[in-house]
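Welcome! Please take a moment to turn the model around on your screen before reading on.

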Amino acid sequence: MSTFAKRERLLLADLLETVGPDAETLCEGWRTRDLAAHVIVRERRPDAAGGTLIKQLAPRLEKVMAEYTAKPYEELIQLIRTGPPRFSPFQLKQVDEAANIVEFYVHTEDVRRAQPDWSPRELDPVFQDALWSRLERTARLVARGVPTGLVLRRPDGQTAVAHRGAPVVTVTGEPSELLMFAFGRQDAAEVQVDGEADAISKLHDSRQLGI
């Protein structure tokens, strides 16, 4: 049975192939070739991937990213489709689901929503629940630096407190849209934002959401 992570992986690969190597993405400074290289390095080169979070590894990450972006684009697409190396922990279904559902969903939307003719995807409720489960676990991490209180709320009323503080900004939307908001794609997320105008402005201007 196909997992959500595997489905999103294949969707991302197909989309990258369709738009080509030089299409825009929501990741500032990245074209689709750069995004493809990032996905591959993350799961195939743990010796460099840590540079995303660890400053001392950043030069290593930059070097390895440059090596992959120089490869033929078709090769990058195939590496994404085939997945991680044989003995990678990402080969385990449980690890793949835990680590990659959000990764591949968000990056697929990074490509889709950067295109001028994009339209919202209809996602099934089971997948939305899976995204919500991951968001609940990571909300405090991705919002740790925001300057206001932040509550994420589903249309059915379920909430996750992403950051404690005052004044509070409440963001309402489907889990898929809340993920885009919480992972730094506020301008592309279809959500309703409620709170004091100054707090909303401060949250938006801070650009502190995401990992």
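Here is a short briefing that goes from the whole chain down to single residues.

This is a predicted model. Its chain holds 9 helices and 4 strands. Reading from the N terminus, the order of elements is α-α-α-α-α-α-α-β-β-β-α-β-α.

**The whole chain**

- A compact globule of 211 residues would have a radius of gyration near 17 Å, and the chain agrees because its own value is 17 Å.
- Along the principal axes, the C-alpha atoms take up a box of roughly 50 × 40 × 35 Å.
- Of the 211 residues, 48% are buried.

**Surface and charge**

- The accessible surface of the chain is about 11000 Å², and carbon and sulfur atoms own 52% of that area.

**Helix α8, an enclosed helix**

- Helix α8 covers residues 175-182, and 8 of its 8 residues are buried, so the rest of the structure largely encloses α8.
- Those buried residues are Pro175, Ser176, Glu177, Leu178, Leu179, Met180, Phe181 and Ala182.
- What do they pack against? The partners of the buried residues of α8 are α6 (93-112), α7 (125-142), β1, β3, β4 (192-194) and α9.
- After α8 comes Gly184, which has a positive phi near 90°.

- In helix α9 (residues 197-206), the buried residues are Ala199, Leu203 and Ser206.
- These three span an arc of only 70° around the axis, so they sit on the same side of α9.
- Where do the buried residues of α9 pack? They lie against β1 (149-153), β3 (168-172) and α8.

- Arg207 is found in the segment after α9.
- Although Arg207 is not a glycine, its phi is positive, at about 50°.
- Is Arg207 buried, partly exposed or exposed? Its relative accessibility is 43%, which means that Arg207 counts as partly exposed.
- The peptide bond that leads from Ala166 to Pro167 is cis, and its omega is near -5°.
- Pro167 can be found in the loop between β2 (159-163) and β3.

- Val64 belongs to helix α4, which spans residues 58-69.
- With a relative accessibility of 1%, Val64 counts as buried, because buried means under 20%.
- Which residues does Val64 touch, leaving aside neighbours within four places in sequence? Val64 is in contact with Val41, Arg45 and Ala48.
- Val64 and Ala49 are 15 residues apart along the chain, and their C-alpha atoms are separated by 8.9 Å.

Key:
Residues numbered from 1 in each chain as written. Predicted model: local features only at pLDDT ≥ 70, side-chain atom pairs only at ≥ 80, totals over all residues. Heavy atoms only, no water. Helix = DSSP H or I, 4+ residues; strand = E, 2+ residues; numbered from the N terminus. Rg over C-alpha atoms; globule rule 2.2 N^0.38 Å. Buried < 20%, exposed > 50% of the residue type's maximum accessible area, 1.4 Å probe, protein only. Areas by Shrake-Rupley, 256 points an atom, 1.4 Å probe, with all protein chains shown as cover. Arc of directions from axis to C-beta. Contact = heavy atoms within 4.5 Å.
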